[in-house]
Amino acid sequence: MLLIPCPHCRQSRPEREFRHCGEAGLLRPVDPAAASDREWTDYLFARTNPKGESQERWRHVHGCGRFFVLRRDTREDACVTSRAGVEEAP
Amino acid sequence: MIAAHDPRILRAMRGFSFGRILRESFSGHTGWTRQWRSPEPQRAYDVVIVGGGGHGLATAYHLAAEQGVRRVAVLEKGWIGGGNSGRNTTIVRSNYLFEESEALYEHSLKLWEGLSRTLNYNVMYSPRGVMALGHTESDVQIIRRHVHANRLAGIDADFLTPAQAKALCPILDVSQAPRYPVLGASWQGRGGVARHDAVVWGYARAADALGVDVIENCEVTGVRRDAAGAVSAVETTRGAISTRMLALVAAGHSSVLAGMAGLRLPIESFPLQALVSEPVKPIMPCVVMSNTIDAYMSQSDKGELVIGAAADVYPSYAQRGSFHVTGATLDSLCELFPCLRRLRMMRCWAGIVDITPDRSPILGPTDVPGLWLNCGWGTGGFKAIPGSGQLFAASLAQGAPHPVLAPFGLDRFRTGRLIDEATAAAVSH
Ligand SMILES: Cc1cc2nc3c(=O)[nH]c(=O)nc-3n(C[C@H](O)[C@H](O)[C@H](O)COP(=O)(O)OP(=O)(O)OC[C@H]3O[C@@H](n4cnc5c(N)ncnc54)[C@H](O)[C@@H]3O)c2cc1C
Ligand SMILES: [Zn+2]
C-alpha cells in the first residue's frame, strides 16, 4: 500500500484514493495527420517501464479529483516527490 | 515430434521409472544424483537465451531436441524457476477468444497432455477441469461467446447453468445470496493444473541432457552490438559471452533487457499476487476462476487452497504488491465459498508480470538483427510454456516466425492488428 503525497491537497493519502494514469510526459503528436506510424506506435504503446525512478501521472479520484506527476522508485515502491503540472515532459 | 520418453534423455541420465524408485526405496534413497550440471559459461554460443523460467528452458530444450541446435545457453540471474514460473497458480487452459490465441494455447494444451512422458519427468499435469464464472448479464454473454468461438475452433467448451456448476464444485454457493451471484459458467474439462517447479526442472533436466548449458547466478547486464547494429555478445556478471542470436525471455524484466539494446517495448511490469491456505481435506475437485471479482482458486495435492489475485494497479519491480488487493480477492472467495470463512492463509507472494496493451504475448524478431523476444505473457503464460517453447525454438532455428507465432510479432502494435484478449475478457491467470 503506497502513501501518496498529493501536491494539491498537501497530504499523503492511501493508494486507494488514487488512480494510476500511466507514464508521465507522453505527448500526443502535435500534428496527428503528419505523424508517422512509428511515432504513433511510440506514443500509444511504447513505454520506458523503468526499474528505478519513474515519473507517472496519478489522479486523486477520491480526493480533490486532480492530476499530478509522482516520482516513485519502482524497485522499492517509495514515493519520492510529486508536483502539480502534468502536461510538460518531465 | 519427440517420441514418448526421448531415448536421448534416458541415455544421458538414468531415467526415472517405477523400478528405480523401488530399488532406491530399498537402499535408503541414497542413489539419486544431481539431475543437471552446473556448467561454467563458455565464451560463445549459437543461441543465448536470457531467463531460466519455463519459457526460456522449454525453448532451449526444443532447440536441442528438435532443431539440432546444440550450442545453446540459458542465462539465469538467480535460480531457475525463481521468476514467475515458480510463483504462479498453474492454471492451464486454452479457451481464449481469438483464433490466433486459440491456435497457440491449444497447441500447448495438447503438449501438456503428454509432457510427463516426453520429459521423463512427472510434471503432475492434472486435467481436472477449469470453470470460469459469470456474475452479470454481460459476463454471461461474454462466456457464451467464448464457448461458441472455442467450439468452432475445435476446443472443448461447455456452458454451465448454476446448478451444473454446483454439481461439479459442490462448495460453490450458487444461491442469490452473494453480492455477485453465479449466473452461469464456462467449462473446459481438459484444462487443469500442473506442478510449476516440476515443469521448470523437467525442462532443465531434459535440455541439460541434450547438451544445453543452464547457467544460474549469471545476470545479463548489457547487450553488445557490432558496427552493423547486430547483436554480437552479452555482458554478464560472469563475463562476456559471444552470440549472434539472443532471445530475451525474461518476463517482468523484459523492458530492462530490451532497454540494453535501445528498445522501448509495449510492456509495463506489474506485481501479481497469490496465496495459499493451510492444508485441508479435498474440497475443490476443479479449478474455479472469476475475473469479474478477481478470484482464482484450486486445491493442491497437499490440500492447500491455491489462490490467485488480480494484478496490482501500478507498475513495480518490488515483487510485493499491496495488501488490499489480496484482501479483495479473499472477500470475493468468502462470498462464493462460505465454507472458507474461517480458513487461515499460510503464505502470500508476488511475481512481476509483463503486461502488454492487448494482453497477448510478444513473440518474434525485433529491429535489432539477432535480437528476439519471447515476453509479454503477463498474468497467464504458464499454460503456454510447452507450446511456445516448441514453436519459438522452431522460429529461432528458421530465422523466421512459425506461422502460429507470426501474428504475435512486435509489428502488430504498428499495424494495429492487436490480438485483443484484453477487451475479450482480461482474465488474469
Ligand atoms: C502470482 C502469479 C500467478 C500466475 N498464475 C498463472 C496461471 O494460473 N496460469 C498461467 O498460465 N500463468 C500464470 N501466471 C503467469 C506465468 O507465471 C508467467 O506468464 C510465466 O511463468 C512466464 O514464464 P517465463 O519463463 O517467461 O518467465 P519467468 O519464469 O519469470 O522467467 C524469467 C526469468 O528471467 C530471469 N531474468 C530477469 N532478468 C534477467 C537478467 N538480466 N539476466 C538473467 N536472467 C534474468 C528471472 O530471474 C526469471 O527467472 C501467473 C503469474 C504470477 C506472478
Ligand atoms: Zn488531492
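Reader: Which residue in E14(B) is the bridge partner of B:Ala132?

Author: This is a predicted model. Strand E4 (residues 130–134) of chain B is joined by three bridges to strand E14 (residues 287–290) of chain B, and the two run parallel. Within E14(B), the residue that partners B:Ala132 is B:Met289.

Reader: Which strands are the edge strands of the sheet in chain B?

Author: The sheet is open and has eight strands with mixed pairing, in the order E5-E6-E4-E14-E15-E16-E13-E17 (chain B). From one strand to the next, the twist averages 20°. An edge strand here pairs on one side only, and this applies to strand E5 (158–160) and strand E17 (345–355) of chain B.

Reader: What angle does the direction of helix H9 of chain B make with that of E16(B)?

Author: Helix H9 (residues 323–336) of chain B packs on the sheet, and the strands it touches include E4, strand E13 (268–277) and E17 of chain B. Strand E16 (305–311) of chain B is also touched, and the angle between its direction and that of the helix is about 125°.

Reader: How much area do domain 1 and domain 2 of chain B bury between them?

Author: The domain assignment gives domain 1 as 38–121 + 196–266 + 358–425 and domain 2 as 130–192 + 268–355 of chain B. Their contact takes 31 residues from domain 1 of chain B and 33 residues from domain 2 of chain B. Carbon and sulfur atoms account for 52% of the buried area, which is about 2,600 Å².

Reader: Which element gives the most to the side of domain 1 of chain B that touches domain 2 of chain B?

Author: Across this interface there are two salt bridges, and B:Glu106 forms a salt bridge with B:Arg190 at 2.8 Å between the closest N and O atoms. Strand E3 (91–92), helix H4 (99–119) and helix H8 (254–260) of chain B each give two or more residues to the domain 1 side. With five residues, the element that gives the most is H4(B).

Reader: Which three residues of chain A supply 30% of the area that chain A buries against chain B?

Author: In this interface, 23 residues of chain A are in contact with 25 residues of chain B. The two chains bury about 2,100 Å² between them, 48% of it on carbon and sulfur atoms. More of the chain A area comes from one trio than from any other three residues: A:Phe45, A:Asn49 and A:Lys51.

Reader: Which residue of chain B meets A:Asp37 in a salt bridge?

Author: Between chain A and chain B the count is four salt bridges, alongside 17 residue pairs in polar contact. The side chain of A:Asp37 meets its partner at 3.8 Å, N to O, and that partner is B:Arg414.

Methods. Residues are numbered from 1 along each chain as its sequence is written. Chains are lettered from A and ligands numbered from 1 in the order in which they are written. This is a predicted model: local features need pLDDT of at least 70, side-chain atom pairs count only at pLDDT 80 or more; totals for chains, interfaces and linings use all residues. Side-chain values use heavy atoms; hydrogens and water are left out. Two strands pair if DSSP finds at least two bridges between them. Helices (H or I, at least four residues) and strands (E, at least two) are DSSP runs, numbered from the N terminus. Axes are lines fitted to C-alpha atoms, for helices over the stretch in contact, and angles run from 0 to 180 degrees between N-to-C directions. Contact means heavy atoms within 4.5 Å. Domain bounds come from an automatic or database domain assignment. Buried area is the accessible area (1.4 Å probe) that two parts lose on being put together, summed over both. A polar contact is a pair of N or O atoms within 3.5 Å; within protein, one must be able to donate a hydrogen and the other to accept it, and residues adjacent in sequence count only if both atoms are side-chain atoms.
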